[in-house]
Amino acid sequence: MRLRLIAFTLIGLVAAPALAADAAKGKSAFMKNGCWQCHGELGQGGAAGKTLAPKPMPFEAFNVFVRNSNGQMPPYPKEILSDADLADIHAYLQSIPAAKDYKSIPLLSQ
Amino acid sequence: MARKDRRRFLTGFVAASAATAITPPLARGQEEVAQNTRPPSALPPGAHTAAAETQTPGELAPNRIGGVPGSDFMVDVIKTLGIKYCPANCASSYRGIHESLINYGGNKMPEFLTCMHEESAVAMGHGYFKISGKPLMTLCHGTVGLQHASMAIYNAWCDRVPMIVVGGNDLDAATRPPSVPTFHAAQDINALVRDFTKWDDTPVSLQHFAQSMVRAYKIAMTPPYGPVMISLDAGLQQEPVKTHGGDKLYIPRYVPTAPPAGDGGAVKEAAKLLAEAQNPVIVADRMARTPNGLKLLVQLAEALQARVVDQGSRTNFPRTHYLSAPPSAVSGADVIMGLELADFWNVVNSWTDNGEHGVGRNSSRIKQGTKLISINASDLITKSNYQDFQRFQVIDVQMAADAEATLPALIEAVKSAIPAAKRSAITQRGEAAKKAHADDHARTRQAAALAWDASPISTARLCMETYNAVKGLDWSIVSQSGNVSNWLTRLWPIEQHHHWLGRSGGYGVGYGAPASVGAALANRDLGRFSVNIQADGDLMYAPGVLWTAAKHKIPQLAVMHNNRGYHQEVMHVQRLANFRSRASNYGGDLGPVGTRIENPDIEYHKLAESMGWWARGPIKEASQLASALREAVKVVQSGTPALVNVWTQPR
């Protein structure tokens, strides 16, 4: 609870991602830092990690969660994931297009 | 009786003795009398053994041992139990019974199946039982072989699966061969697995063996099921048959023991709680021992209009039923009934591996005051050393009893206990459950649509392309190793007991491949189509079982979930690195050193081909998957096992 309060207090203090955030670099950072292991290469999520994309949470909340997570995901401190990499990762997640409606996929609508 | 005739006679005898009363091998005149009398409690030995007891050695077929081998009598005993197969890896300490099985016993009932690892042999029996409901026996070297087998025995123990493990051992230090066979001998081989078997014995005479084998079968097959162990002295196998203290040898008749049902008072108390609850939820793990268990649970759930969370160690409840619910359903319950749960604590609590100072954090998943009911036969066989009994959970009404055997009484008690004034509310509860099920169905499918065209292929796509290839057949998912985000149980229309067999029990990696072969063997005999979602790491524990499947013509469709890593372990290392503010060393791979299976990538299709399978791969694009699967299905239908190597997303 204490961590959660700190996390939400910090939301207002964290700057928005740099405009230079780069989706291509973000994909590389997403893979290099092991995010894909639980969340899938397209942020689709699964048994081990929540769905991150499409429509990722706003960067401010994303940043606070990644740095302070007290859930199943361990926090990623700056020493192992830089602010620039985190911003790029968010840009990558934003770049992932929406999934098709399942009703348009024959294997899922049967 | 001529030897050939006797074999034919034995075949019929064993076939008739599958489960309940055994017809002893009586002469024709005696058979007629026996039809009108109660079956005897013991069977005489076969003619071969009887001759050994009554004739002088010189009258028997000439051989160097001067009589009938003791292991021939052992085969007579085994044949009365109707054990169809004996998967095993050959070993000198059981050479006596090995020779008797394949030569004297005609290699039928049981048929010896050549295995390349004892762990594979035991896991084959594990999978076989889940389809057939009948246990297999396996033979192994009592020391080194049993050490190989032990992980699979532990899985069977945790998964409550019966199995008769017979370990050869040369006890007599004065006569056993020196050197290697003595390395492979021990005072008490059973000690190695005593903590995770229901019972074990070391027979010292042939009559003792007959009692031990029948007792072992009976104990293994009395719920809660479990593996049993017999140490079989090499000398006893090889010595000639003698009378036992002047008495003739006999074979005790196997009569099944009725499973333990719940106490009548506790059943009524549970029924009252359920009937009067606002929102009862049933959670089932290993409840449906048989297909009838599934039918009983449907009756109970419908009587209460209670949602059912099937944890999936068996198919306990149809996934397509509107009362089928996700695990989160417990959060709104005021009464929760757990049926054969391996871990009740974890159903009503959660643990997060992210607490202060590296210690996990507990939290409740349920409302305060929720009443808990448990019916669990595992309470009857709790042991001390291995911790498969899990964390302690306080339960309001607890029955140490077999859930499937208890359900008929509970259903009747619930029907009687439902107050007339509650019936309308119960109907409304059912309507709400229908809506929740429909909403969940749509949400699940939309989640599956994410990354639908990804390369490597998403696990949801892998599962649905596979379903599409087999949906017109009488299919059975014989194993799912690794983690495919539960898409099989979330997306496939799992409705029958054989559709889904659950997992290993003890989470010992290496179960998937051999258990799938054992289950496919049982399905082959029933004319069913077997599907196995095969994880890469699991297969590499003992890939020799692929050869066993090809050798013995056991068809299955194996679809590789090849994510090129031990993904369960990745996050453990990453988590600790994060806690310690250290970048994890990936060593040039895509995960922490020691957790990846890449550079070089294993060519599973070539591995399978080298052992007699049809195989295709690696398939990395979703668009290429359907045609490969269609081709593979045809191959499997022709009787050949087929493997499609698919590169997949992690989970």
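# Reading helices, sheets and a chain interface

Analyst: Let us begin with one contact: Glu465(B), Thr466(B), Asn468(B), Ala469(B) and Val470(B) of H16(B) meet Leu625(B), Ala626(B), Leu629(B), Arg630(B) and Val633(B) of H23(B). Please keep in mind throughout that this is a predicted model.

User: Which classes of residue make up the contact of H16(B) with H23(B)?

Analyst: That contact has 6 nonpolar residues, together with 2 polar and 2 charged ones.

User: How does one describe the packing of such a pair, and at what angle do H16 and H23 of chain B pack?

Analyst: In general, two quantities describe a pair of packed helices: the angle between their axes and the distance between those axes. Here, helix H16 (residues 459–470) and helix H23 (residues 625–637) of chain B pack at an angle of about 40°, and their axes are 9 Å apart. Because of that angle, H16(B) is oblique to H23(B). The two helices, H16(B) and H23(B), cross in a right-handed sense.

User: May we read another pair in this manner? Within what distance do the axes of H6 and H18 of chain B come?

Analyst: The axes of helix H6 (residues 118–132) and helix H18 (residues 512–526) of chain B come within 6 Å, and they cross at roughly 40°. This angle is why H6(B) is described as oblique to H18(B). The crossing of H6(B) past H18(B) is right-handed.

User: Which residues make the contact between H6(B) and H18(B)?

Analyst: On the side of H6(B), the residues include Ser120(B), Ala123(B), Met124(B), Gly125(B) and Tyr128(B). On the side of H18(B), they include Pro514(B), Val517(B), Gly518(B), Leu521(B) and Ala522(B). By class, the contact of H6(B) with H18(B) holds 10 nonpolar, 8 polar and 1 charged residues.

User: How many bridges join E14 to E15 in chain B?

Analyst: Strand E14 (residues 371–375) of chain B is joined to E15(B) by 3 bridges, and these strands run parallel. For one such position, Ile375(B) has Met399(B) in E15(B) as its bridge partner.

User: Which strands form the edges of the open sheet of 4 strands in chain B?

Analyst: The order of that sheet is E4-E5-E7-E6, again with parallel pairing. Its edge strands are E4 (137–141) and E6 (199–201) of chain B, each pairing on one side only. The twist in this sheet averages 20° from one strand to the next. Within the sheet, 7 bridges join strand E5 (residues 163–169) to strand E7 (residues 227–233) of chain B, and the two run parallel. Val166(B) stands opposite Ile230(B) in E7(B).

User: Which strands of chain B does helix H7 lie across?

Analyst: Helix H7 (residues 144–158) of chain B lies across E4, E5 and E7 of chain B, and runs at about 145° to E4(B).

User: How many residues of strand E16 in chain B are buried?

Analyst: Strand E16 (residues 475–480) of chain B is mostly covered, with 6 of its 6 residues buried. E16(B) is joined by 5 bridges to strand E17 (residues 529–535) of chain B, and the two strands run parallel. In E17(B), Ile533(B) is opposite Gln480(B).

User: How many helices and strands are there in chain A?

Analyst: Chain A has 6 helices and 0 strands, which gives the pattern α-α-α-α-α-α along the sequence. Of its 110 residues, 37% count as buried. Among the contacts in chain A with a separation of 6 or more, 70% come from residues 24 or more positions apart.

User: Finally, how many residues of chain A are in contact with chain B?

Analyst: In general, the size of an interface is often given as the accessible area lost when the parts come together. Here we have contacts instead: 29 residues of chain A are in contact with 35 residues of chain B. Helix H3 (35–39) and helix H6 (106–109) of chain A each supply at least two residues to the side of chain A that touches chain B. H3(A) gives the most to this side, with 3 residues. The residues of this side of chain A divide into 16 nonpolar, 10 polar and 3 charged.

Note on methods
Residues numbered from 1 in each chain as written. Chains lettered and ligands numbered in written order. Predicted model: local features only at pLDDT ≥ 70, side-chain atom pairs only at ≥ 80, totals over all residues. Buried ≥ 20, exposed ≤ 12 C-beta atoms within 10 Å, placed from the backbone. Contact = placed C-beta atoms within 7 Å. Nonpolar A, V, L, I, M, F, W, Y, C, P; charged D, E, K, R; others polar. Pairing = 2+ DSSP bridges. Axes fitted to C-alpha atoms, helices over the stretch in contact; angles between N-to-C directions. Parallel < 35°, antiparallel > 145°, perpendicular 65-115°, else oblique. Left-handed = near helix turned anticlockwise from the far one by under 90°.
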